[in-house]
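Dear colleague,

I am handing over the structure that we spoke about, and I would be glad if you could look through it before reading my notes.

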Number of protein chains: 2
Amino acid sequence: MTQLYDRVALIGLGLIASSMAYAMREKGLAGEIVGTARSAETRDIAREIGFCDEIFDTAAEAVKDADLVILAVPVGAMSAIAQEIGPHLAAGATVSDVGSVKREVVEAVQPHLPDHVHFIPSHPIAGTEHSGPRSGFAELFQNRFLLLTPLEGTDPEQVAKLTSLWTEMGSNVEQMPVDHHDLVLAVTSHTPHLIAYTMVGVADDLRRVTDSEVIKYSAAGFRDFTRIAASDPTMWRDVFLHNKEATLEVLGRFTEELFALQRAIRTGDGDQLFDYFSHTRAIRRGIIEAGQDTSAPDFGRIGTKK
Amino acid sequence: MTQLYDRVALIGLGLIASSMAYAMREKGLAGEIVGTARSAETRDIAREIGFCDEIFDTAAEAVKDADLVILAVPVGAMSAIAQEIGPHLAAGATVSDVGSVKREVVEAVQPHLPDHVHFIPSHPIAGTEHSGPRSGFAELFQNRFLLLTPLEGTDPEQVAKLTSLWTEMGSNVEQMPVDHHDLVLAVTSHTPHLIAYTMVGVADDLRRVTDSEVIKYSAAGFRDFTRIAASDPTMWRDVFLHNKEATLEVLGRFTEELFALQRAIRTGDGDQLFDYFSHTRAIRRGIIEAGQDTSAPDFGRIGTKK
């Protein structure tokens, strides 16, 4: 039991915040955990479940006397929250966020924070397709990466302390520059999500193939896309609006490549297809070796392998 | 124990054929199971594992006296196999296949078969990203759909018997017309696979984001794509070459839709993005209710939910 912070305030009580609350409690990392959410319904559910010691009606009240404040709201809501809490933050407090985009969060949050707090942007590379206060669990961050994008001049001691918190919750903490973060995530997260949403939308739209056929025969590949396309719509709308440039850049590369393969199909160039499909196997092996996915067939969804 | 066929010949010994062998044995559905594969290495592995009673060096030998012959080779190899086995098929035998494409398989196989056999094209909507004779397991077809696309004039008794075989192996058997099959699968399988291959290829190519970063931060969505992009390259090359029209049609719809979302990102139209992302959630609920996927977060890859 290493108590790192006396009072942690969670602003927003969805999957990430509730999972943090469970993980911090399990390890005794925080003296007190308090929270707030914009919706009264979410606050009531959080009170009922009890993963925080106290739930406040406003962010301004929640951050009072907190030495760590975590902004866990959709990226588009960060600016208003920062503006609200700015005047109420304790001297020496650390403010961090868990947004999937970093450049625009920094620009939205930093101007509203007083000089006497430490702002350390962060992003846990962890999540599920479920959202809301009922979806959290302590193991969410186990063996997942946590990216810190500290700004110039940030107190190294405070960065080290926040690093310890995430390490204790199970994460592998790494640092990278703000803009590089946004490009990396455009590749490993934002573009894949947009493509999954699109594919699911197309399937839903195709009139000759009924919904029920799309659902029944989904085990042939399609169902994998539906998981990430079931993610929180508000969160993802904000991600795309706030990581516009990097997402559009990667999307441009994607369509270029897709057109090349489409042309190979049209012209019957089997060699090009075979070569392309052969070299994409290596990445999956790397991901499994890095402990970032299971090697069980079909993500282990099917019964035991003989 | 209901023995339905006296002697089943499996042509090709990959994931599907080996899984069929395990499933038929478990239920005593076949008197004898024999097999063959083009590669000597595959035949040796199959002999070593022993999921067939006998492994022959050629398809011509394997089909002798069989009352059921299953063509379980890549779609592009079907024609040559049909030509080879045609003269050796027993009178009254049923010939079926497990190809992911139906129109071109029918055209490739049917002309080479003698009139005294029953040709019933089929397609199990089941599989994993693993391939080869070591990847099979008896449960692969449990609660998965099996599509039969019988041709006009096929003996209904033989269709019923093949239906029983698949039902006993755990499948839900349905029938549909050949061309409709190819469109449905272009939506639920072929296009999703091409998109996954493309996304993984793009990630591999982006020089500023190193391979190691793509791998480390893959849990943010990308890793889901790498599973289907690890599927057998020969099989998938053949699928695209032989279901060209339907795949290109669905791809056309996909890029149209993707461009619309890309435009919404560029112009900052958050409402359009939110609406799109909201309506794609319903399909996943349908798939889970239909028993075609798990409701566990992250396909159940993470530890127990609290």
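This is a predicted model: local features need pLDDT of at least 70, side-chain atom pairs count only at pLDDT 80 or more; totals for chains, interfaces and linings use all residues.

Residues are numbered from 1 along each chain as its sequence is written, and chains are lettered from A and ligands numbered from 1 in the order in which they are written.

As to confidence, chain A averages a pLDDT of 94, with 97% of the residues scoring at least 70, where pLDDT is the predictor's confidence in each residue, from 0 to 100. For the complex, the predictor gives an ipTM of 0.90 and a pTM of 0.90.

The two chains

Between the chains, 101 residues of chain A are in contact with 102 residues of chain B, two residues being in contact if their C-beta atoms, placed from the backbone, lie within 7 Å. Among the elements that give two or more residues to the side of chain A that touches chain B are helix H7 (178–205), helix H10 (233–242) and helix H11 (244–267) of chain A; helices (H or I, at least four residues) and strands (E, at least two) are DSSP runs, numbered from the N terminus. H7(A) gives the most to this side, with 19 residues. By class, the side of chain A that touches chain B has 52 nonpolar, 26 polar and 23 charged residues, where Ala, Val, Leu, Ile, Met, Phe, Trp, Tyr, Cys and Pro count as nonpolar, Asp, Glu, Lys and Arg as charged, and the others, Gly among them, as polar. Of the interface residues of chain A, 100% are also interface residues in chain B, so the copies meet through the same surface.

Lys244(B) is partly exposed, with 19 other C-beta atoms within 10 Å; a residue is buried if 20 or more other C-beta atoms lie within 10 Å of its own, exposed if 12 or fewer, and partly exposed in between, with C-beta atoms placed from the backbone.

Helix H10 of chain B

Nine of the ten residues of helix H10 (residues 233–242) of chain B are buried, so this helix is largely enclosed by the rest of the structure. The buried residues include Met235(B), Trp236(B) and Phe240(B), and the buried residues of H10(B) pack against H11 and H12 of chain A together with helix H5 (103–109), helix H7 (178–205) and helix H11 (244–267) of chain B.

Domains and core

The domain assignment of chain A, which is automatic or taken from a database, gives domain 1 (5–176) and domain 2 (180–268). Their centres, taken over C-alpha atoms, are separated by 29 Å, and 14 residues of domain 1 of chain A are in contact with 17 residues of domain 2 of chain A.

The largest nonpolar core has 210 residues, and those with the most contacts inside it are Leu10(A), Val69(A), Leu10(B) and Val69(B); such a core is a set of buried Ala, Val, Leu, Ile, Met, Phe, Trp, Tyr and Cys residues joined through C-beta atoms within 7 Å. Leaving aside neighbours within four places in sequence, the contacts of Leu10(A) include Ala17(A), Ile33(A) and Ile70(A).

Two backbone details

Most residues other than glycine have a negative phi, and most peptide bonds are trans. Phe299(A), although not a glycine, has a positive phi of about 55°; Phe299(A) lies in the segment after H13 of chain A and is buried, with 23 other C-beta atoms within 10 Å. Asn143(B), also not a glycine, has a positive phi of about 60° and is found in the loop between strand S6 (118–124) and strand S7 (145–148) of chain B, where Asn143(B) counts as partly exposed, with 14 C-beta neighbours inside 10 Å.

With best wishes
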